[in-house]
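Here is a short briefing to read with the model open beside you. Take it one topic at a time.

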Amino acid sequence: MDKRVWMGVLLIIAGIFLYATRGNAMDPGNVFVYFWPSIFVIPMGILLHWMYFYMTGRRGSGMLIPGGILIVSGIVCQISMLFDVWEYTWPGFPLAVAFGLLEFYWFGGRNRWILIPVFILGSMAIIFFAIFTLGAIFSFGFVGQTTVAITLVAAGIAFLFSKREDRSEV
């Protein structure tokens, strides 16, 4: 990679770190507090993927299960650490298992029975992400009770004055 790319990545990481730690004292310990997933977890997942693709000649597909789990879990933990949103991101952990199993299916022997837990875990994670996301968006703290009340009244008025289709001719 070019030196400019590395410098750009380092500046982006430094900016995220400064944004996440605003109001806190800066010291080397904060790097480990906020970036432990990027320092320890994600590189282990990348290492397992590298070993599968370059060292085993694509014969050790079992390494992709923990590799995928570590990468997705690391991303979930990193987002949660930076923005303190653990209560919203926990469905990422079953999604991580689904991702690891999906990689094993995709690059392994294509055993279709592996898709059952992938579908169950992936669906569960997506449903919970949707529930928590919609719950956060539609909570009165985010939108505001006044806004929700005005929207409900406007929708009610729209229903009252909308023209009904005459179905007697059918």
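How much accessible surface does the protein chain have, and what share of it belongs to carbon and sulfur atoms? The total is about 12,200 Å², and 73% of that belongs to carbon and sulfur atoms. (Accessible areas come from the Shrake-Rupley method with a 1.4 Å probe, and for residues only the protein chains shown count as cover.)

Before you dig in, note that this is a predicted model, where local features need pLDDT of at least 70, side-chain atom pairs count only at pLDDT 80 or more, and totals for chains, interfaces and linings use all residues. Residues are numbered from 1 along each chain as its sequence is written, and side-chain values use heavy atoms, with hydrogens and water left out.

**The overall layout**

- The protein chain has 8 helices and 0 strands; helices (H or I, at least four residues) and strands (E, at least two) are DSSP runs, numbered from the N terminus.
- Follow the sequence along and you get α-α-α-α-α-α-α-α.
- Of the 170 residues in the protein chain, 26% are buried; buried means under 20% relative accessible area, exposed means over 50%, and partly exposed is in between (1.4 Å probe, protein chains only).
- Take the contacts with a separation of 6 or more: 53% of them are between residues 24 or more positions apart. Contact here means heavy atoms within 4.5 Å.

**Helix α5**

- Helix α5 covers residues 92-107, which is 16 residues.
- From first C-alpha to last it reaches 22 Å, close to the 22 Å expected at 1.5 Å a residue; the expected span is 1.5 Å times one less than the number of residues.
- Among the buried residues of α5 are Gly-92, Leu-101, Glu-103 and Tyr-105.

**A greasy spot on the surface**

- Met-44, Leu-47, Trp-50, Tyr-54 and Met-55 make up a nonpolar surface patch, with about 580 Å² of accessible area together.
- What counts as a patch? Its residues have over 30% relative accessible area and no salt bridge, with like charges joined within 9 Å and nonpolar side chains (Val, Leu, Ile, Met, Phe, Trp, Tyr) within 5 Å. A salt bridge is a side-chain nitrogen of Lys or Arg within 4 Å of a carboxyl oxygen of Asp or Glu.
- Trp-50 sits in helix α2 (residues 28-55) and is partly exposed, at 43% relative accessible area.

**Aromatic pairs**

- Rings of Phe, Tyr and Trp (its six-membered ring) pair if their centres lie within 6.5 Å; planes under 30 degrees apart count as stacked, over 60 as edge-to-face and the rest as tilted.
- By this rule there are 7 aromatic pairs.
- Why is the pair of Trp-90 and Phe-128 called tilted? Their ring centres are 5.2 Å apart and their planes are at 45 degrees, so the pair is tilted.
- Trp-90 lies in the loop between α4 (86-89) and α5, and Phe-128 in helix α6, so this pair ties together parts that are 38 residues apart in sequence.
- Trp-90 is partly exposed at 33%, and Phe-128 is partly exposed at 29%.
- Ring pairs also link Tyr-52, Phe-53 and Phe-107 into a cluster.

**Links across the sequence**

- Phe-132 is in helix α6 (residues 115-138) and is partly exposed, with a relative accessible area of 26%.
- Leaving out residues up to four places away in sequence, Phe-132 touches Glu-87, Tyr-88, Trp-90 and Pro-91.
- Phe-132 and Thr-89 are 43 residues apart in sequence, and their C-alphas are 8.7 Å apart in space.
- Ser-61 lies in the loop between α2 and α3 (64-83) and is buried at 14%.
- Beyond its neighbours within four places in sequence, Ser-61 is in contact with Tyr-52, Phe-104, Phe-107 and Gly-108.
- With neighbours within four places in sequence set aside, Gly-67 is in contact with Gly-45, Leu-48 and His-49.

- Most residues other than glycine have a negative phi, and most peptide bonds are trans.
- Arg-58, in the loop between α2 and α3, has a positive phi of about 60 degrees.
- Arg-110, in the loop between α5 and α6, also has a positive phi, near 60 degrees.
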